[in-house]
Amino acid sequence: VSDISKLFLNELLGTVAVITSDGRMIVGTLKGFDQTINLILDESHERVFSSSQGVEQVVLGLYIVRGDNVAVIGEIDEETDSALDLGNIRAEPLNSVVH
């Protein structure tokens, strides 16, 4: 693992949100990654958005996201995230990434 990879992993150990190129949002604990940004997430779940009902959370558990399917990855502030009332959030689902 390169020095940059170690720095990245140390900074992101914790909860992350991954937006995939097909528009899914997966939240979980980053456990590892490789040079092609394949991600290993533990205790993960998918947040499914809807304009007519609250956010549904689908439990995934230990989950691998292929690097070529990662559009965005970001750190989640766990305190702020736990304060969200996901049952009352309405949003249109994300579209797939167009290349």
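**Charged pairs in the fold**

The side chains of Glu 46 and Arg 24 are joined by a polar contact of 3.1 Å (a pair of N or O atoms within 3.5 Å; within protein, one must be able to donate a hydrogen and the other to accept it, and residues adjacent in sequence count only if both atoms are side-chain atoms). This comes from a predicted model, where local features need pLDDT of at least 70 and side-chain atom pairs count only at pLDDT 80 or more, while totals for chains, interfaces and linings use all residues. Residues are numbered from 1 along each chain as its sequence is written, and side-chain values use heavy atoms, with hydrogens and water left out.

Glu 46 and Arg 24 also form a salt bridge (a side-chain nitrogen of Lys or Arg within 4 Å of a carboxyl oxygen of Asp or Glu). The pair links distant parts of the chain, 22 residues apart: Glu 46 sits in strand S3, and Arg 24 in the loop between strands S1 and S2. Helices here are DSSP runs (H or I) of at least four residues and strands (E) of at least two, numbered from the N terminus. Glu 46 counts as buried because its relative accessibility is 14%, whereas Arg 24, at 24%, is partly exposed. Buried means under 20% relative accessible area, exposed over 50%, and partly exposed in between (1.4 Å probe, protein chains only).

The structure holds 3 salt bridges. In another one, Asp 81 meets Arg 47, with the closest N and O atoms 2.7 Å apart. Asp 81 lies in helix H2 and Arg 47 in strand S3, so this pair ties together parts 34 residues apart in sequence. Both residues, Asp 81 and Arg 47, are buried.
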